[in-house]
Amino acid sequence: TRIKVLVLSPCEKKMVCCSNNETFLILYDLITGNELLYFDGHSDQIMSACFSPEGKYLISASRDETVIQWDTSTAKQVNTFSHESMVVCCAYSKDGQLIVSGTQDKVCKLWDARSGRAVLSFTEHTALIVAVAFSPDSYSVCSASADRTLMI
């Protein structure tokens, strides 16, 4: 099977990945190649993942309409962020305070990483959102859509 999601940790000593159609992620030690932890909690295919800036947390976006925030030392779920459709992409702000997610139903949501509450929703795109990112200062979010537009 092919790799669907691959993300390096901020310390560059670990990586997380999953194969096509998998509902769980595996954390590997890059030095030894050993499997360290399994992040298992989604009920459908994982589409995207991202480490928090300090590497303490990991988020995963899934076809099951959720983003799950994981503790990277225990693989326990910390928060679940719910959407109305498949979540295609996700990202942390540079300070780790916020999470952004983009969905198949053209919604981009901003979440408080600690409380799990939605802060803002953006619905300007006319097709599914394929990528999201924060600006280096965490004050702006950019989303890319299948409608061939970028929104800031």
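Two strands count as a pair if DSSP finds at least two bridges between them. Keep that cut-off in mind as we walk through this predicted model.

- Look for Leu-8 and you'll find its bridge partner in β2, Met-15.
- β1 and β2 make a hairpin with five residues between them, and Glu-12 in that turn has a positive phi of about 65 degrees.
- β2 also runs antiparallel to β3 (residues 24–29), this time with four bridges.
- Across that pairing, Lys-14 stands opposite Asp-29 in β3.
- The hairpin of β2 and β3 has four residues between the strands, and Asn-21 there takes a positive phi near 70 degrees.

- Leu-6 counts as exposed because its relative accessible area is 54%, and the cut-off for exposed is over 50%.
- Leaving out residues up to four places away in sequence, Leu-6 touches Met-15, Val-16 and Cys-17.
- Leu-6 and Ile-68 are 62 residues apart in sequence, with their C-alpha atoms 16 Å apart in space.

**The four-strand sheet**
- An open, antiparallel sheet lines up as β5-β6-β7-β8.
- β5 (46–51) and β8 (77–82) are at the edges with a single partner strand each, so one side of each has no neighbour in the sheet.
- From one strand to the next, the twist averages 15 degrees.
- β5 pairs with β6 (residues 57–62) over five antiparallel bridges, and Ile-46 has Ser-62 in β6 as its bridge partner.

Methods: Residues numbered from 1 in each chain as written. Predicted model: local features only at pLDDT ≥ 70, side-chain atom pairs only at ≥ 80, totals over all residues. Heavy atoms only, no water. Buried < 20%, exposed > 50% of the residue type's maximum accessible area, 1.4 Å probe, protein only. Contact = heavy atoms within 4.5 Å. Helix = DSSP H or I, 4+ residues; strand = E, 2+ residues; numbered from the N terminus. Axes fitted to C-alpha atoms, helices over the stretch in contact; angles between N-to-C directions.
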